[in-house]
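Let's take a walk through this model together. Have the sequence and the 3D view side by side, and follow along as we go.

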Amino acid sequence: MAAMQKPRKPEEMYTELVRWARDQTLLASCSELLSWDEETYMPRGGVAHRGNQLALIAGLLHERITSPRIGDLLAGLEASDLVRDPASPEAVNVRQIRRLYDRKTKVPRDLLQEIVRTTAFAQQEWGAAYHDADFARFRPWLEKLVTLRRKEAQCHAAGRPLYDALLDIYEAGACSADVTALFGALRPEVASLANEISAARRKPKAGIFRRDFPVDRQRVFGEAVATEVGFDFKRGRIDTTIHPFVASIGPGDCRIATRYAADNFGMGFFAILHEVGHALYEQGLDPEQYGTPMGEPASLGVHESQSRLWENTVGRSLAFWRHFFPLAREVFHETLHDVSLEDFHFAANAVAPGHNRSQADEVTYNLHVLVRFELESAMIAGDLAPADLPGAWNEACARCLGIVPPDDREGCLQDGHWGSGMFGYFPTYTLGNIYAAQLFAKASEEVGDLDGAFTRGEFAGLVEWLRDKVHRHGQRYRAGELIERATGAPPSHRPLIEQLRRKYGELYGL
Ligand code: ZN
């Protein structure tokens, strides 16, 4: 068998590793397609069979990544000159595949299996607990998951805080000390802006967005906007689902799934723009590098920066609506004929503290994330017992958002992340907002008058800039370095605060 021979030259080993990585990605893309189908068109009767298909592929992927042959190839390549330049595709691919290999092989098999098994039950119990607003039902599962994830983190921590080992899964290279500093600087600034907005006399007519917007017309409008900003329908499509997402099937096939409600224009429209941002990133990756880390997105935070940039920075700007509002008035004539551009734009930027993260506005959203970051890092550090989560949650919400949820369904049970065993994921949302503002500020400088371009319906200049500075690099740089190279400065909360202050200061007359 070819796999048993030991190639002598690093170039040969590298070719073998890349061939393996491409096959691994192809196999994973089969499961991506099956999952997309499950979330969009599959009849209910297909659930069990689909579960078997996905489990089989997951097993094959696991077997392939933990093969000792991969360990040998990585060790051989790491000792060679081929990876001397850390930014070369060879070095990047070896480094990133090593990361995946270690993640799967440093943890004892029993522990990995127990995590998978426990997570499957915990997800179900979280669902039931959420439905009944009954934290007691979820508590034992949360305790188990925290214990298991702490054990897993111990295998990777190597002297670092346990939370860092989990954060690293989603945001390679990030550490909790940096994130704590960044979020610590952001928190008081966002909180005081939110307070000023609450006290402002000027208020938007937010009810405009809750009028009747027929779903079929929302689809037409959303697809028209997606096309104009650069989503390529020859290499993608948009379908309907319950929780919006993007499925990246392969080069030339990137699928958005979204949802609509006739009485909530904002929910449907901004979800499309958000997912279009993710999709533009996927469609902007280098197809030549497909199947290797050089052809993969840099991190979840960077991915989220692309979605937030289009959803919030571009999609809630006055210039954007100067261009698209006439079309909106045409498509939704009965609904919008008596609405002015200014009122519509103000309604798109209504700010009000609420209990729910996923429905939060652009300003208070970050406060929701900071609450979760604080609580999950305390749970993983062992400073907060999962049993005490509801009390700690309510206290943190009172402190950060000024409101206390009426029950645990609106409170600590509202997100499914912890029930799915995902600790360390939440920070990537706010990191995304921070990166987005910083990238947009730099793009405005380098591309020139973006407001003027948006008003004329020209979005290609911004897309090209993002392609050049972010998309085409794949995983060549860690998120922090990518942002620094693109903008000339390490990640900072300042551009985000400046951007929010400028827009909301004008709208609310602060
Ligand atoms: Zn997203």
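Start at the metal. The zinc ion gets its protein donors from His274 (NE2), His278 (NE2) and Glu304 (OE), at 2.1 to 2.3 Å. Donors here are N, O and S atoms within 2.8 Å of the metal (3.2 Å for Na, K and Ca), and since water is not among the atoms, sites may look incomplete. Read along the chain, the zinc donors are spaced as H-x3-H-x25-E.

A word on ground rules before going on. This is a predicted model, where local features need pLDDT of at least 70 and side-chain atom pairs count only at pLDDT 80 or more, while totals for chains, interfaces and linings use all residues. Residues are numbered from 1 along each chain as its sequence is written, and side-chain values use heavy atoms, with hydrogens and water left out.

Back to the two histidines. Histidine 274 and histidine 278 sit in helix H10 (residues 265-284), four residues apart, which is about one turn of the helix. Helices are DSSP runs (H or I, at least four residues), as are strands (E, at least two), numbered from the N terminus. Both histidine 274 and histidine 278 are buried, where buried means under 20% relative accessible area, exposed over 50%, and partly exposed in between (1.4 Å probe, protein chains only).

Now zoom out to the domains. The chain splits into domain 1 (10-154) and domain 2 (176-508), with bounds that come from an automatic or database domain assignment. Their contact takes 39 residues from domain 1 and 44 residues from domain 2, contact meaning heavy atoms within 4.5 Å. The C-alpha centres of domain 1 and domain 2 are 26 Å apart.

How much area is buried between domain 1 and domain 2? It comes to about 3,500 Å², with carbon and sulfur atoms giving 62%; buried area is the accessible area (1.4 Å probe) that two parts lose on being put together, summed over both. On the domain 1 side, Trp36, Tyr130 and Phe135 lose the most area to domain 2, together 17% of what that side buries.

What about charges and polar groups across that interface? Between domain 1 and domain 2 there are zero salt bridges, a salt bridge being a side-chain nitrogen of Lys or Arg within 4 Å of a carboxyl oxygen of Asp or Glu. The interface does have 18 residue pairs in polar contact (both at pLDDT 80 or more). A polar contact is a pair of N or O atoms within 3.5 Å; within protein, one must be able to donate a hydrogen and the other to accept it, and residues adjacent in sequence count only if both atoms are side-chain atoms.

Over the whole structure, though, a search turns up 31 salt bridges. One of them pairs the side chains of arginine 501 and glutamate 196 at 2.7 Å, N to O. Arginine 501 belongs to helix H21 (residues 494-508) and glutamate 196 to helix H8 (residues 176-199), so this pair ties together parts 305 residues apart in sequence. Arginine 501 is partly exposed at 30% relative accessibility, and glutamate 196 is partly exposed too, at 32%. Elsewhere, Arg187, Glu374, Glu395 and Arg399 are linked in a salt-bridge network.

Finish in helix H17 (residues 427-447), the place of asparagine 433. Asparagine 433 counts as buried because its relative accessibility is 7%. Leaving out residues up to four places away in sequence, asparagine 433 touches Arg308, Tyr365, Asn366 and Leu496.
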